Amino acid sequence: SAATERFGVRPAGDGIWQEAAGWLSPQAVCRALLRRSGITLHEHCGALALQRSGDHWHVTDANGAVRAAADTIVVAAGMGSAALLGDHLALPLRPVRGQTTELPAAGLPALAATYCHRGYIAPAVGGHHCIGATFAPGDAGVDLRGADHSDNLAALAEALPDWADALLALDVSTLGGRAAARAATPDYLPLCGPVPALESFRACYALLARDARQVIDAPAPALPGCYLSAGFGSRGLSYAALAAELLASQVCGEIPPVTRELQRAVSPARFPLRTLVRGEAHTSAKGNAA
């Protein structure tokens with residue numbers, strides 16, 4: 001009864017009321033950030049590539065023209081990050097397809113808050129609720145699918161039984177939405193930090209291939225001025241701001257906003273390090289020599 005009073009509709013079961021929580025429009029957040037001073041947006045550049053020249057990184061387009069140059073770069077391109085860093089670091093990113101559904105608000109009670117269940121529903125904007133979202137690991141498709149709309153509607157009908165008949169009567173072919181491929185990692189933690197210089201990195205920590213308990217008192221070799229922020233999966237808005245603060249502290253030599261353990265947990269170097277510790281790189285080298 002308390003949930004119904006706060007929410008505006010009867011949920012299927014009890015829940016947790018997060019009094020200080022809210023909800024955001026990702027598009028509106030991005031537009032607001034891009035209006036800040038010091039940010040220049042270049043759109044419709046097509047396929048891009050990274051090249052190191054002297055003390056700078058160059059971003060080139062498909063014709064080889066330099067679109068931007070800087071001594072410090074942050075690669076934050078979701079699944080596209082793997083292609084940009086392909087010559088420098090093999091990223092263990094995998095796509096996870098997700099689709100949202102635009103639910104017409106006409107005829108439905110007004111919602112007072114966002115409701116999270118097996119999916120979620122946000123209060124209506126422009127006459128539509130945003131509901132979702134599906135979760136399909138390994139699927140990079142971005143086409144809208146009626147089956148995914150049906151899954152979103154079924155999850156909401158289960159969570160809000162008073163709406164079930166109206167939801168399940170909708171023609172999914174008339175519904176809008178959005179589909180995209182999230183970039184996820186095998187351990188579901190983001191990749192945030194300096195990009196390791198693989199050849200020097202493997203040489204520095206080579207002893208770990210034979211004894212993982214070795215203590216090597218040396219900083220991890222990294223590509224100069226090259227940082228990564230990717231692999232957030234379904235938690236982009238939750239993690240990206242803190243990841244940006246961590247990167248800013250690393251670039252500027254400031255006190256980081258997280259513990260050293262957490263820095264190691266999200267470091268892009270953790271995957272080549274694990275490969276080295278497991279002996280895979282050593283085994284591969286012996287196999288190639290043979």
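Residues are numbered from 1 along each chain as its sequence is written. In this predicted model, local features need pLDDT of at least 70, side-chain atom pairs count only at pLDDT 80 or more, totals for chains, interfaces and linings use all residues, and side-chain values use heavy atoms, with hydrogens and water left out.

Side chains of opposite charge can pair when their charged atoms come close. A salt bridge is counted when a side-chain nitrogen of Lys or Arg lies within 4 Å of a carboxyl oxygen of Asp or Glu. The structure holds 11 salt bridges.

One of them joins Arg 10 and Asp 162, at 2.7 Å from N to O. Arg 10 lies in the loop between helix 1 (2-7) and helix 2 (26-34), and Asp 162 in the loop between helix 4 (146-159) and helix 5 (164-168), so the pair ties together parts 152 residues apart in sequence. Helices (H or I, at least four residues) and strands (E, at least two) are DSSP runs, numbered from the N terminus. Arg 10 is partly exposed, at 39% relative accessible area. Buried means under 20%, exposed over 50%, and partly exposed in between (1.4 Å probe, protein chains only).

A salt bridge also forms between Glu 158 and Arg 118, whose closest N and O atoms are 3.7 Å apart. This pair links distant parts of the chain: Glu 158 sits in helix 4, and Arg 118 in the loop between strand 6 (115-116) and strand 7 (120-121), 40 residues apart. Glu 158 is exposed at 55%. Arg 118 is exposed at 62%.

Salt bridges also link Arg 97, Asp 139, Asp 143, Arg 145 and Asp 148 in a network. Within it, Asp 143 pairs with Arg 145 at 3.2 Å.
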